[in-house]
Amino acid sequence: MKTLPLLLALALSACAQTPGSGVAQGPAFRVDPAWPKPLPEENGVQLVVGQVAGIAVDERNGHVWIIHRPSTLLADEWNAKEARPVTHRCCKPAPAVVEFDAAGNYLRGWDAPPAGSKLDWPKSEHGIYIDPDGNVWIAGNADEDNQILKFTPEGKFLMQIGRAGKSEGSNSRTQLGRPAHMVMDPPAAELYVADGYGNRRVVVFDARTGAYKRHWGAYGETPSDDKQPPYDPNSAPSRQFGNPVHCVRLSTDGRVYVCDRANNRIQVFEKSGRFVQEFRVEPLTRANGAVWDMVLSHDAEQKYMYVADGANGRVYILERASGRQLSSFGRTGRMAGEFKWVHNIAIDRQGNLYTSEVGFGRRTQKFTLVSF
């Protein structure tokens, strides 16, 4: 048998496959190992990223934004004690918020404003969202990161919801609890927040003023902060969201999708908070949970869900109507197309996927849509 050309072999190996069959079902993707382009140097010193804790696409222009944790550079890259590169060429943390164009070129980045600014920059950056006007929303997941910040694309501060400090619990109307993710419903001017690492709820705010509007927990019930037993795949599903509630997404047909990472499930609601259905994903996963993030496919019907599983190093392709798993791609590893703690996932108008990795992954990847 003749050896397949290298590019064809890579394409086949990186395409989504049905578990156990080797036959593709649903959309298929191929990793783009040249995306993004290398980060620039600053005064001769290479910029690098630490844990990439959020990724989002600006639907207006296809630009890809990330938020990473500059404080997580490795000890052989950045001397944190002396705030200098370890060598004369390596390395320096890139700005916490970075914008790439669709081709993967670095465009710009910005950091926390100077000390004394009227905002609470998170101690551990986590989550990014680009709204329809191009504004940038970010959050954090350190113990005191109980706030969301809104900026212009240039990094000018616009608004803060919540505040750094003590959480007030899952039924507070004024404070957050380590929010993980956010998304806007433009016609209603409402911001939905997965709240999150500390709280166990979805909470909705007026996106213009930050005023509280409503919230709910698992199954649309009132959330509780009572200690929950460890996840057990053999037990009935928990009546409470686990920690974290890791993502919230809106479909074009008016449904709210919530990633209950710790409980290995996606719950679906009406915008009022009325529970509709749930889907379990890799229910045997115990440590860290399987549902880290999810996006809906780019077609008008949004036929598929793409679920990022950081614990098992996979992206699953699910049928949206039934939650049935059709195929998956990736595995745990550090090569192109593999994942080490894939944390977030984003999608552009062409249906291409973008992923970010925390832990020792510390990178972003692009997966080009091959077939749909």
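This is a predicted model: local features need pLDDT of at least 70, side-chain atom pairs count only at pLDDT 80 or more; totals for chains, interfaces and linings use all residues.
1. Start with the parts list: this protein has one helix and 29 strands.

2. Next, the overall shape. For 372 residues, a compact globule would have a radius of gyration near 21 Å, and the protein comes in at 20 Å, which agrees. Along the principal axes, the C-alpha atoms fill a box of roughly 60 × 50 × 40 Å.

3. Now have a look at who touches whom. Take the contacts with a separation of 6 or more: residues 24 or more positions apart account for 50% of them.

4. A quick word on charge. There are 44 positive and 41 negative charges, and their mean positions are 2 Å apart.

5. How far can you trust the picture? The average pLDDT is 93, and 94% of the residues score at least 70. Do be careful with two stretches, though. Over residues 1–13 pLDDT stays under 50, and the model gives that stretch four contacts beyond four places in sequence. Residues 18–22 also stay under 50, with nine contacts beyond four places in sequence.

6. Find Q240 in the viewer. Where does Q240 lie? It sits in the loop between β18 (212–216) and β19 (245–250). Is Q240 buried or exposed? With a relative accessible area of 12%, Q240 falls under the 20% cut-off, so it counts as buried. Not counting residues up to four places away in sequence, Q240 touches R200, A218, T222, P223, S224, Q228, D260, N263 and R265.

7. Then move on to T285, in the loop between β22 (275–280) and β23 (293–296). T285 has a relative accessible area of 8%, which is under 20%, so T285 is buried. Which residues does T285 contact, leaving aside neighbours within four places in sequence? They are Y231, N264, A290, A311 and N312.

How values were computed: Residues are numbered from 1 along each chain as its sequence is written. Side-chain values use heavy atoms; hydrogens and water are left out. Helices (H or I, at least four residues) and strands (E, at least two) are DSSP runs, numbered from the N terminus. The radius of gyration is taken over C-alpha atoms; the globule rule is 2.2 Å times the number of residues to the power 0.38. Contact means heavy atoms within 4.5 Å. Lys and Arg count as positive and Asp and Glu as negative; His and the chain ends are not counted. The place of a charge is taken as NZ of Lys, CZ of Arg, CG of Asp or CD of Glu. pLDDT is the predictor's confidence in each residue, from 0 to 100. Buried means under 20% relative accessible area, exposed over 50%, partly exposed in between (1.4 Å probe, protein chains only).
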